Amino acid sequence: MIRKAVRGDLAAVERIVHEAYAPLAARMDRPPAPMQDDYAARIAEGAVWVAEPNAGVAGILVLSDLADALMLENVAVAREAQGQGVGRLLTGFAESEALRRGFDRIRLYTHITMVENQSMYRHLGYREIGKGLEDGFERVQFAKDLGH
């Protein structure tokens with residue numbers, strides 16, 4: 001089940017983000033952007049979703065509307081749930097949510113050093129649309145066109 005996060009999910013959301021990104025942070029000169037986000041505010045604005053395939057939160061998703069696409073800002077999976085398809089479930093949900101909101105495109109970015117993420121997104125049908133410095137981070141931009 002995937003549902004909008006509520007205030008009571010905050011500790012789980014923050015823990016999952018930290019677990020997912022801490023191993024990757026060593027590659028960068030500062031913590032990744034998802035580790036710096038204000039999840040209390042993001043939950044309050046309705047941007048955070050959680051996956052609960054069993055008991056407890058197993059993954060999180062942060063989405064926001066752009067002018068021409070839905071932005072998948074963050075997807076993170078709890079350490080104990082990694083390798084169980086939770087990330088794919090959340091990514092699929094994001095694509096369905098984009099269509100539900102009237103978008104035919106979904107965008108995302110990842111840090112240039114996160115080569116595993118880049119490979120995974122390519123495998124899921126996303127194509128690279130650019131690279132560059134954004135908010136002080138070297139990012140690789142991806143997009144996927146969603147057929148109706």
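A pocket is an open set of grid points with protein on both sides within 12 Å along at least five of seven lines, and its lining residues have an atom within 4 Å of a point. With that in hand, welcome to this predicted model.

**The largest pocket**

- Lining the largest pocket are 20 residues, and V75, V77, G87, N117 and M120 are the ones nearest its centre.
- Two or more lining residues come from each of these elements: α1 (10–25), β4 (70–77), α4 (86–100) and α5.
- By type, the lining of the largest pocket consists of 11 nonpolar, seven polar and two charged residues.

**The aromatic rings**

- Across the whole structure, a search turns up three aromatic pairs.
- One of them joins Y121 and Y126 edge-to-face, with 5.8 Å from centre to centre and 70° between the planes.
- Y121 also pairs with F142, this time in a tilted arrangement with centres 6.1 Å apart and planes at 50°.
- This Y121–F142 pair links distant parts of the chain, as Y121 sits in helix α5 (residues 115–123) and F142 in strand β7 (residues 137–145), 21 residues apart.

**Buried or exposed?**

- Y121 and Y126 are both buried.
- Y121 counts as buried because its relative accessibility is 6%, and the cut-off for buried is under 20%.
- F142 has a relative accessible area of 0%, so F142 is buried.

Definitions and conventions
Residues numbered from 1 in each chain as written. Predicted model: local features only at pLDDT ≥ 70, side-chain atom pairs only at ≥ 80, totals over all residues. Heavy atoms only, no water. Phe/Tyr/Trp six-rings, centres within 6.5 Å; stacked < 30°, edge-to-face > 60°. Buried < 20%, exposed > 50% of the residue type's maximum accessible area, 1.4 Å probe, protein only. Helix = DSSP H or I, 4+ residues; strand = E, 2+ residues; numbered from the N terminus. 1 Å grid on protein atoms, 1.4 Å probe; cavity = no way out; pocket = protein on both sides within 12 Å on 5 of 7 lines; lining within 4 Å. Nonpolar A, V, L, I, M, F, W, Y, C, P; charged D, E, K, R; others polar.
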